[in-house]
Each structure stands twice: as structure tokens, then as C-alpha cells.
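Let's take a walk through this one together, chain by chain. Have the sequence and the 3D view open as you read.

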Amino acid sequence: MRKLSKIAAAVSLAMGVAAGPALAEDPLKVGFLYVGPVSDFGYSYQHDQARQYLEKEFGDKIETTYIENVTEPADAERAIERLARSGHELIFTTSFGFMNPTLKVAKRFPDVKFEHATGYKRAKNVSTYSARFYEARYVMGQIAASESKTGVAGYVAAFPIPEVVRGMNSFMLGAQSVNPDFKIKIIWANSWYDPGREADAAKALIDQGADVIVQHTDSPAPLQIAQERGVLTFGQASDMIKFAPEAQASALVNDWKSYYKNRVEAVMNDTWESSDTWGGFKAEMVRMAPYANVSEETIKLANETVAKLEAGEFHPFTGPVMKQDGSEWLKEGETADDGTLLGMNFYVKGFTDSLPN
Amino acid sequence: MNGFEALVLTIITASTPLLLAAIGELVVERSGVLNLGVEGMMIVGAVAAFGVAHVTGSPLLGVVAALFAGVAMSVLFGVLTLNLMANQVATGLALTILGLGLSGMIGEGFIGEPGQRLAALHIPVLSDLPLVGSIVFSQDILVYASIALVIGTYHFLFRTRSGLILRAVGDNHTSAHALGYSVIKVRFLAVMFGGACAGLAGAYLSLAYTPQWVEGMTAGRGWIALALVVFASWRPNRVLIGAYLFGAVSILQFHAQAAGIGVPSQLMSAMPYLATIIVLIIISRNVTLTKTNTPACLGKAFVPDR
Amino acid sequence: MRLVLEKRAEHSRLMTVVSPLLAIGLSLIAGSIMFVMIGVNPAEAIYAFFIEPLTSTWSLEELVVKSAPLVLIAVGLSVCFLSNNWNIGAEGQFTMGAIFGSIIPVLFHGFTGPLALPAMIIMGALGGMFWASIPAFLKTRFGTNEILTSLMLVYIAQYILDYLVRGPWRDPDGFNFPESRLYEADHTMWMLGDGRMHFGAIFALVAVIAVWFMLTKTIKGFEIKVMGQTPRAGQFAGFSRKGIVWFSFLISGAFAGIAGIVEVSGTIGQLTPVISPGYGFTAIIVAFLGRLNPIGILFAGLLLGLSYIGGEAAQVTLGMTDKTTSVFQGMLLFFVLACDTLILYKVRLVKPQPTAGGAHERV
């Protein structure tokens with residue numbers, strides 16, 4: 001029976017359009033590939049929250065599958081192909097490292113639609129999407145500088161890639177808009193996900209005078225350290241207030257729900273087209289978690305900025321902005337173009353470290 | 001809290017799980033058994049500790065649970081390698097795979113839940129002394145346990161008759177058997193001790209180091225513990241040195257980074273591993289010391305010929 | 001009454017065949033219990049794990065792709081382990097092989113033509129040998145224990161790779177993302193079939209045959225085994241202790257290095273920060289599961305490969321998590337190891353007998 005139904009499915013797939021109406025009754029199969037475990041309570045967790053949201057939203061009309069903990073490109077390619085072969089018509093590959101594997105599989109399965117997060121290569125059946133997390137980091141910078149007494153933030157960062165550097169710069173510009181002399185101390189943990197190391201890094205930063213901890217790594221460990229040492233901090237990817245009830249000022253929340261819903265609808269209505277989406281507050285892909293442990297004025301300032309970002313009236317990278325060496329990057333009123341932001345590998349003025357290259 | 005004090009406290013935290021796991025494995029290896037499953041036992045200990053503390057609200061019960069979880073895993077290893085003579089290396093590695101999977105399954109319900117923190121002891125007067133108060137007299141019980149275990153193990157191995165028998169079993173199981181000692185029994189007890197210690201190391205991670213449960217949170221510390229036993233050339237006092245050396249270098253490289261030193265972060269992250277190799281080379285030039293301490297029967301199965 | 005194990009005079013040929021089957025049977029029973037407990041139909045789960053991966057050419061090819069590096073590395077390691085050299089750093093040698101082999105496609109990508117790929121493979125082998133020579137040198141020169149040095153070198157190799165792909169070897173057109181350029185066609189491993197199967201499988205097979213031949217038919221093989229079991233006797237026979245350390249480390253380093261460059265040029269097509277799902281460590285299990293015998297290693301590698309591929313299939317078809325997969329994998333390994341006991345030992349029931357030395361038994 002099993003085998004027969006499989007053959008039937010394969011045949012109908014092979015017949016393509018002709019089999020379309022017959023298949024319309026079947027639920028749309030949507031696949032997801034995660035780089036971490038869904039239990040990371042961070043990046044992969046948020047993608048999975050959106051997947052669960054799809055299941056709730058579309059009910060019987062949809063069937064979702066995920067493969068988690070895929071860290072290596074060779075495994076990723078097989079996992080993506082497996083999803084494509086097992087009748088998934090829309091596949092979300094949610095980590096940068098899946099870029100080339102996604103494109104390779106997409107070439108072999110022209111009828112399957114692929115959505116790759118945070119990459120830059122597209123094809124007729126491959127879209128890219130990402131969120132402008134840096135917008136939230138600008139707000140975090142403003143909060144940090146308003147609340148900090150030492151004027152120093154500690155930054156636990158994973159790797160010096162454009163995504164992280166962009167966030168740091170945006171954070172710095174936000175902080176400088178409040179306190180032009182604001183300083184950032186940075187530790188590269190060389191890992192996205194190692195609670196022990198992240199905690200150690202946060203401790204070292206606090207010991208060196210930081211009274212705000214910002215992280216661009218995935219576990220809630222730095223928040224717990226901030227809570228313990230009584231300094232301010234921010235949640236990463238999801239609202240982590242439970243881990244730092246007296247220390248979390250807010251959190252940068254990744255919200256993929258509306259994007260995923262739109263893309264699934266597009267496939268159902270046959271309007272899906274390859275596209276590049278890079279949305280922030282305005283597109284509801286980034287949110288701030290409820291503010292806590294900060295003053296009323298700070299909340300007011302943050303709310304104003306968020307309102308402007310939501311309305312699309314403000315760009316965190318608006319000139320005049322100088323590079324670290326003092327040379328001019330953006331003229332008065334000029335905003336950064338997406339190409340430069342995408343490959344950002346320089347610091348803005350105010351950083352004391354040199355960017356590892 | 002001044003900078004030095006904070007630094008020392010951070011180093012103690014980073015070193016303790018390594019020390020706990022390594023001292024257990026040292027006893028296991030001294031009895032002639034090589035259990036490469038430390039990582040697996042440790043992570044099951046971590047999830048057991050977190051889970052029980054989370055459900056009961058008592059971190060101490062969590063510690064006890066971790067101890068038993070570690071022992072349970074080690075019993076599995078013991079039955080396979082000691083009773084069924086399965087290959088120790090392969091069984092240990094399989095134990096790690098099993099432990100990582102099992103802990104992930106058990107821990108699925110604890111996602112996103114902050115854990116109970118193991119409280120630091122507060123001894124009146126002593127804990128309030130400057131410097132030593134916070135460093136020496138205000139740690140949690142697992143830190144004290146780790147130091148006590150080192151001293152206890154040293155005493156046991158080199159000052160007691162049972163310790164002598166354990167070393168004899170590890171050095172020459174045939175002779176030990178001929179003398180009427182039960183090789184399997186001694187080894188089984190040693191393996192269980194190793195499991196208990198690895199469980200405690202896991203408990204330290206999920207209750208004290210970072211009181212939370214995340215999948216794979218041991219992040220390779222079990223392997224480092226294994227390497228430290230070799231580094232220590234099977235001497236308890238040197239395990240202490242090794243664990244603290246490794247912990248200190250790991251933390252100091254973060255401080256160097258935060259201070260803005262312009263060296264590639266990958267080089268900084270590799271420092272603890274490099275430092276351990278270099279120190280080991282220096283130590284191992286004393287050949288006789290290494291030779292006399294290496295358990296001669298390490299990793300070899302024992303079959304009683306009656 | 002109690003059960004005791006009694007050593008057989010020689011390997012039981014019957015048990016060599018029966019034991020793996022028994023192990024699989026027991027895993028199926030234990031696995032079924034677990035699947036029922038987590039609410040999965042055991043028949044479907046077992047179908048997904050063991051049968052489905054064998055029903056299509058695509059997944060058979062994928063099985064080969066996954067197993068080949070395991071077999072290649074494990075065969076090299078078997079030489080080390082047989083001669084009592086504890087090289088547990090194959091993962092690092094794999095990484096170094098990938099790095100050295102990638103010097104050509106990354107730095108000299110203009111060097112194309114039929115010689116480019118062979119040159120890459122040789123470079124890869126040299127990279128692995130170079131990394132393996134460090135613990136060998138430290139062991140022969142200073143008596144430093146190789147378990148620690150080879151393991152620590154794994155982490156160091158990974159940081160070197162990390163530094164390269166995020167720094168100097170980054171793709172100049174890649175928006176500063178941490179990846180090298182994609183390799184040219186001439187730098188891509190020769191393909192077998194139209195899927196992802198490539199020449200790496202041939203390397204693994206050649207290695208199996210070559211090492212099997214060396215171990216069983218040559219004096220070198222005899223030397224390796226003697227030096228592993230009774231080094232003293234070996235030295236009387238005129239074998240060099242240092243020589244065998246170097247030989248076994250270099251050969252396992254070379255195999256791991258080739259596996260590394262083959263994986264990068266055949267399966268991935270570029271250097272990325274992560275290039276291995278722990279092949280070097282898994283190969284240690286494969287080596288011992290195959291009883292350090294090249295032919296056994298071939299089967300052990302395929303079995304482990306199957307459990308990975310099957311586990312993935314189960315994730316997709318049954319929505320199982322990868323945790324369930326690794327628990328099942330752990331059980332399977334345990335049963336295989338336990339049942340192997342039957343090859344070397346007989347199980348006998350004995351009546352308890354009064355022991356003369358009972359007093360000594362108190363420990």
C-alpha cells in the first residue's frame with residue numbers, strides 16, 4: 001500500500017501540471033531546515049515558532065516537517081534534497097551556511113520553491129529573506145547609553161561576519177545618539193552556542209567595567225550573568241525575561257510568522273515568485289520585547305525610535321557617519337545602501353578595537 | 001568586588017566541571033579501564049540535575065539526581081565492557097552518542113525555563129572576610145566537593161590498602177587476580193565512581209555555571225576532562241593543576257580580548273589547547289615519572305582464566 | 001547458578017555471522033519499545049530507518065557518500081590502534097587535509113587541467129600527515145602521550161580553518177561571508193553516477209584492500225601486530241619502536257587528510273567553517289566496531305552510515321527528532337558490541353563453588 005501510494009505520488013509529480021487539480025486536495029507540504037536544535041530558545045527556536053504558527057493558521061491545508069541540528073553543508077544538501085524528494089513544495093532553509101546546498105538542490109528540483117534565509121544568491125525558484133535586526137540594535141544602543149553609568153557596554157559576539165558587525169555598528173550609532181563618547185568592549189566567543197563560554201565572556205566584560213551586556217550569540221547564559229551581577233542586558237532572538245527578570249531591558253525578537261504566512265499563501269494561490277525580502281520593524285519581522293528595568297524617559301525614547309522605524313521614516317545608518325579611521329562614509333542625510341550593509345566589514349567611528357579580518 | 005577577586009571566581013567556575021569529571025575518570029583509568037563516554041555521562045547528569053531541581057525546587061536534590069544518573073550511565077558501560085568484554089573505546093564513544101540523544105529527549109520539556117541556582121554557602125564571619133571570604137569561603141558545595149575529591153582520591157590511591165589494590169588491578173590484572181582480588185568488582189566500582197563524578201560535573205553546569213538546560217550544553221568539556229587525565233599523568237594533584245590551568249587560560253584570553261588586544265580571536269580561543277600541549281611536553285620530559293604512573297593495563301579487557 | 005564467559009580456543013565462525021544479526025534483532029526489539037513509548041508506530045520507524053534508505057538509488061548513493069569518509073579514516077586508524085598508538089585526532093588530520101588540499105583551488109585557482117585534482121589529493125594527504133606527525137614527533141622525541149596531543153590538535157586545526165575562511169581565504173565576491181570561493185570544475189572530485197557519489201568511495205575501497213593486504217600478507221603487517229601486542233618481543237625481533245609510531249601515524253594521517261580534501265572537493269565544493277559532522281570521531285567507533293579488520297570496517301562504516309541516513313529519513317517521514325535517532329543509534333551500537341562477545345567467548349552456566357581464596361576477595 002505504502003509503496004503504491006508512493007509510486008502514485010511520484011507519477012503524479014512527474015506529470016506536473018496535469019496532475020495539479022488532483023493534488024489540490026492534498027495538504028501543501030512545507031519543509032524547514034534548522035542549523036541548531038529547536039530547543040536553543042534562540043534562532044532556530046524562533047523559526048520553529050513560526051512553523052508551529054503555520055500549522056495552527058492553515059490547519060489541514062498544510063503539513064510541515066523539519067530537520068534540526070544540521071551544521072554541515074554536505075549533510076544540509078542531502079537533507080534539503082530529502083525534503084524536496086518527499087513531496088515538499090516549499091522549503092525554508094534557515095541558515096546562511098545552507099546557501100550553496102540550497103542552490104544546488106534547487107537546480108535539480110525546478111518545481112519546488114525554496115526560501116533561503118540571510119544569503120545573497122537567488123534563482124528562479126530560490127528566494128532570499130532576512131530581517132533588519134540592526135534596526136532593533138539601534139534601539140538597544142539608545143537604551144544602553146541612556147541607562148549606563150560607566151558609559152561602557154560589553155558585547156558578546158559570535159563571529160566577525162557582516163551580520164554581527166552591522167549590528168554592532170548600529171548599536172554604536174544608537175548609543176552615540178545619546179552619549180557621543182560611548183564605548184564598547186567586545187569578546188568574540190567563536191561560537192554561536194556554548195552557554196559556558198558565553199557566560200565566561202559576559203563575566204570578563206563586566207569585570208572590565210561594562211554595565212550593559214549585549215549579545216550576538218544564542219543562549220540565555222549572558223542574561224543570567226547580567227542578572228547575577230546586577231547589570232542591564234538584552235534578550236537575543238526571543239524574549240528571555242524569564243532568565244533575567246531584573247536585568248533584561250528588552251529583547252530583539254525575531255518574528256518570521258507574517259513572512260512565512262505570506263509565502264505559504266503565495267504558493268497556495270500560485271503567485272509565488274523569486275524575491276528578495278529584507279524587512280525590519282515595518283515588515284513586522286523584528287520586534288522589541290516589552291521594556292523593563294529602565295526609566296520612563298528611556299522607554300519614551302525607545303518608543304519614539306521604534307515608531308519612526310515602523311513608519312519607515314528613519315534609517316539607523318543615516319549620515320553623517322564616519323568610519324573608524326575618521327574617513328567619511330555617509331554624507332549628511334545620506335542613508336547606507338543595502339549592498340554595503342550586506343557585506344559590512346568595517347567599524348564606524350568610536351570603536352577602539354580593530355575588526356578581526 | 002575587585003577585579004582580581006572576580007577573575008579568580010570566574011576561573012574557579014570554569015575549572016570546576018573539568019576537575020570533577022577528570023578526577024572521576026582518573027580513578028577509572030587507574031583501575032585499568034578507559035571510559036571515553038565522559039561527555040555522555042556528564043550531559044545526562046546535567047539534564048537530570050536541571051530536571052529534578054526544576055520540578056522539586058531543590059538544587060540539592062538535583063545534585064543527587066545527577067549523581068545517580070551518572071552512575072546509571074556508567075553501569076551500562078560497566079556491564080558491556082566488564083561483564084561482556086566489549087571494546088572499551090567503542091563502548092565509551094557509543095555511550096556519548098546515547099547520552100547526548102537521551103538528554104535531548106528528556107530535556108525537551110525544559111526549553112526556555114530558567115533553572116534553580118545552587119546556592120553558595122555562607123559561613124558567618126569567614127565569608128565576610130576580605131578577598132578570601134568570597135574566594136575561599138563563599139563557594140557552592142560542588143566547588144568544595146571537587147577539591148575534597150582530589151584530596152580524598154589522592155589519599156585513597158596512595159595511602160590506603162584499597163587504593164593499592166585498585167592500582168594493582170590497573171597495573172597488572174593477572175597478578176591481582178592471582179592474589180585473589182576480584183578484578184571485575186574493583187573495576188566496576190571505579191567505573192561507577194567515574195560516572196558519579198561526571199554526573200556531578202554535569203550538575204555543576206546546569207545548576208551553577210549556567211543554571212539552564214540547553215541541548216549539548218557540555219560543549220566538549222567531557223573530552224577536555226579526558227585529556228586532562230592524561231595531562232596529569234594519572235596523578236590527582238596534577239589533575240587539579242591541569243583543570244585550573246585550562247580554566248585560567250580560557251578566562252584570561254577573554255580578558256585579553258575585552259582589553260582590546262589585536263590578535264585573531266581564533267588564536268586566543270586556541271590558547272588553552274596550545275598551553276596544555278606545551279606544559280605536557282615539559283612535564284613528560286621526566287620519563288620515569290610518567291612511566292611509573294601510567295596504568296599498564298589501561299583499556300585491556302580482563303578475562304578470568306579461573 | 002550463574003553465567004560465566006569462557007574464552008573460545010578460536011573465533012567462532014558461526015557467531016561472526018550470527019552476532020550482527022542477533023544485535024540487529026535485539027535493537028529492533030528495544031527500539032520498538034522506545035518507539036511505542038514516544039508514540040511512533042514501530043513498524044514504520046524501522047522501515048524508515050533500515051529499509052527506506054535502501055529502496056532508492058539516490059539514497060543508496062547518499063549512503064556511500066556518507067560512509068566513504070568513515071571507512072577511509074577508520075582503516076587508517078586501525079593501523080594505529082593495532083600497533084597500540086592512540087591517535088584520536090583524526091578529525092584534526094581530516095581538517096588539515098582539507099586545508100592543505102584547498103591551497104590550490106583557493107590560492108591558485110588558475111591552476112586547472114587534469115593535474116590539478118591529483119595535486120590537491122597529494123596536498124591533502126600531506127596536510128593530514130603533517131598534522132599527524134606532530135603527536136608522532138612528540139611521542140618519539142619526548143614521550144608525550146599522544147591521546148592528549150592528538151585530541152588538542154583537533155581543536156587547533158578547527159580554529160585554523162575558522163581563521164582562514166573568515167579571513168584571508170574568504171571568497172572575494174562573497175560579501176565577506178565566511179566561505180571560500182566555489183571550486184572550479186577541474187578542482188571538483190571525479191563523479192560516479194549522476195548523483196553526489198564521487199571518487200571518494202573508490203579511495204575508501206582501495207584503502208580497505210591495501211590495508212587488508214598489508215596486514216595479512218606482508219611482514220609490515222606482522223610487525224604492526226607484534227609491536228601492538230608485545231612490543232618487547234617485537235624489539236627482540238629487530239622492529240623499531242619509533243619506526244612503527246611514525247609509520248602508523250603517517251598512514252592514518254594521510255588517509256584522514258585524503259578523506260578531508262575529498263569531502264571538501266567532492267561533496268561540499270568549497271571551504272566553509274564547518275566541514276565535518278565529526279567524521280574523525282565517528283571513525284573511531286567504526287574502527288573498533290569493525291574489530292580493527294579492514295573488511296569489518298567496511299561493513300561497520302556502512303552500518304553507521306545507514307543509521308545516519310535512516311535517522312534523517314525517520315525525521316522527515318515520521319517527524320521524529322534527531323534525539324530519538326541518536327538514542328536508537330546508541331542502542332544499536334551497544335547491542336552490536338555486546339553480541340560480539342559471542343564470537344570470542346562461550347556463555348556457560350556454572351554452579352557456585354566454594355572458593356579457597358574467599359578471604360582475599362574482600363576488597
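A residue is called buried if 20 or more other C-beta atoms lie within 10 Å of its own, exposed if 12 or fewer do, and partly exposed in between, with C-beta atoms placed from the backbone. By that count, 60% of the 306 residues of chain B are buried. Before going on, keep in mind that this is a predicted model, where local features need pLDDT of at least 70, side-chain atom pairs count only at pLDDT 80 or more, and totals for chains, interfaces and linings use all residues. Residues are numbered from 1 along each chain as its sequence is written, while chains are lettered from A and ligands numbered from 1 in the order in which they are written.

Let's stay with chain B. What does its secondary structure come to? You'll find 13 helices and 0 strands, where helices (H or I, at least four residues) and strands (E, at least two) are DSSP runs numbered from the N terminus. Chain B has a radius of gyration of 20 Å, close to the 19 Å that the globule rule gives for 306 residues, so it is as compact as a globular protein of that length. That radius is taken over C-alpha atoms, and the rule is 2.2 Å times the number of residues to the power 0.38. Along the principal axes, the C-alpha trace of chain B spans about 60 × 45 × 45 Å. Two residues are in contact if their C-beta atoms, placed from the backbone, lie within 7 Å. Among the chain B contacts between residues at least 6 apart in sequence, 79% join residues at least 24 apart.

Now over to chain A, which has an open sheet of 6 strands in the order 7-6-8-9-10-12, with mixed pairing. Two strands pair if DSSP finds at least two bridges between them. At the edges sit strand 7 (183-188) and strand 12 (286-288) of chain A, each pairing on one side only. Strand 6 (residues 152-157) and strand 8 (residues 212-216) of chain A run parallel over 5 bridges, and one pair of bridge partners is Gly154(A) and Ile213(A).

Elsewhere in chain A, Gly319(A) and Pro320(A) are joined by a cis peptide bond, with omega about 5°. Pro320(A) is in the loop between helix 11 (296-311) and strand 13 (321-322) of chain A.

Asn84(C) is not a glycine, yet its phi is positive, about 65°. Asn84(C) counts as partly exposed because it has 16 C-beta neighbours inside 10 Å. Leu292(C) also has a positive phi, near 60°, but Leu292(C) is buried, with 21 other C-beta atoms within 10 Å.
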